[in-house]
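Dear colleague,

Please find below the structure that I am handing over to you. I would be grateful if you would read the notes that follow alongside it.

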Amino acid sequence: MSLAVSHFATSTTIETVGTPGLWALTILGVTGLLVLDFALTRRPRDPSMREALGWTIFYIALPVAFGVYLWASMGSTPGVEFFTGYLLEKSLSVDNLFIFMLLLSAFAVPAALAQRVLLYGIAGALVLRGIFIALGATALATLDWAFLLFGMILLVTAVKLIVDALGGQEADVDVNSMKSVRLLRRFMPVTDDYRGTRLTVVEKGRRALTPLALVVAAVMITDLVFAVDSVPAVYGVTGDPFLVFATNAFALLGLRALYFVLHAALSRLVHLVYGLAIILAFIGVKLVLHWAHDVWTAVPTIPTLASLGVIVVVLATVTATSLWTTRSAEVSVAN
């Protein structure tokens with residue numbers, strides 16, 4: 001397998017399959033798909049299930065084809081790393097969707113505008129994760145303890161998820177307590193109603209924000225929080241910054257359509273948080289072992305193929321138990 005080398009520092013290099021041409025094509029493709037999505041949602045409307053399902057299939061087929069191309073042209077290692085990273089990021093993106101659903105509800109976003117809000121969230125997430133990916137690659141190349149730091153971040157996140165879930169803490173959104181919302185309201189007036197897809201309007205000779213601008217700001221802050229967990233997690237699968245970016249981009253691009261496909265099912269995935277906690281803890285241990293192996297070579301490491309197996313089994317298990325639990329609860333209520 002031939003690897004191109006990207007230079008992130010003058011004294012260190014990172015091996016990557018991402019040639020300049022492949023980087024350019026991927027970024028252009030991602031940008032083009034985002035522009036297409038914004039064009040398609042220019043006029044507010046609530047998409048049909050058939051349309052959402054069609055786009056979801058397209059956005060799943062795209063990374064599958066890309067992964068097959070990597071596997072065929074560059075070998076099994078980048079292929080396995082890509083598919084493992086993509087599955088990990090896709091599972092984490094479902095958690096993103098749940099928070100987006102809460103935000104849309106808290107801000108009483110009209111169904112016709114939900115697509116536009118989701119697209120702003122996707123675009124913001126791509127930009128923020130691109131920045132975090134570059135910083136993460138530099139840290140891994142120059143700091144010996146970066147793997148340990150990333151691993152501890154994921155372990156702490158996993159523990160917090162479990163504690164919150166066991167404590168019965170419900171995911172909720174208090175709009176008035178959001179610092180981003182309070183800050184925007186302090187500097188600019190806000191209209192009482194939505195004005196289509198417009199973020200600002202002029203009223204009585206003064207520029208004012210619409211509620212859409214507030215929900216977009218809240219979504220951006222949420223993106224920042226998720227990037228802190230998501231990027232270290234995928235770096236636990238692969239150290240190739242191109243594959244890290246590609247897995248994030250492909251996982252995020254289809255969220256707009258996936259939201260409308262899974263909207264009704266999201267509330268049924270009651271055990272998803274436990275699955276994500278297990279996966280994040282597993283990847284955290286994998287990163288800590290990787291760091292320890294560099295210090296003490298006798299310490300074992302976890303292969304990427306094993307990581308793929310763990311992620312698949314955990315996701316399948318929590319999905320099955322979630323559906324069984326909610327179905328049993330519905331039957332009990334009916335009786």
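The findings are set out below, from the whole chain down to single residues.

This is a predicted model, in which local features need pLDDT of at least 70 and side-chain atom pairs count only at pLDDT 80 or more, while totals for chains, interfaces and linings use all residues. Residues are numbered from 1 along each chain as its sequence is written, and side-chain values use heavy atoms, with hydrogens and water left out.

The mean pLDDT (the predictor's confidence in each residue, from 0 to 100) is 84, and 90% of the residues reach 70 or more. Residues 1–12 have a pLDDT below 50, yet this stretch makes 27 contacts (heavy atoms within 4.5 Å) beyond near neighbours in sequence. Where pLDDT is low, the predicted coordinates should not be read in detail.

The protein contains 11 helices and four strands; these are DSSP runs, numbered from the N terminus, with helices being H or I of at least four residues and strands E of at least two. Of its 335 residues, 45% are buried, where buried means under 20% relative accessible area, exposed over 50%, and partly exposed in between (1.4 Å probe, protein chains only). Among contacts between residues at least 6 apart in sequence, 75% join residues at least 24 apart.

Setting aside neighbours within four places in sequence, Val-215 is in contact with Leu-103, Phe-107, Val-109 and Val-117.

Ala-108 lies in the loop between α3 (76–106) and α4 (114–142). Its phi is positive, at about 50°, although Ala-108 is not a glycine. Most residues other than glycine have a negative phi. With a relative accessible area of 55%, Ala-108 is exposed.

Finally, Leu-53 belongs to helix α2 (residues 49–74). Its relative accessibility is 41%, so Leu-53 counts as partly exposed.

Yours sincerely
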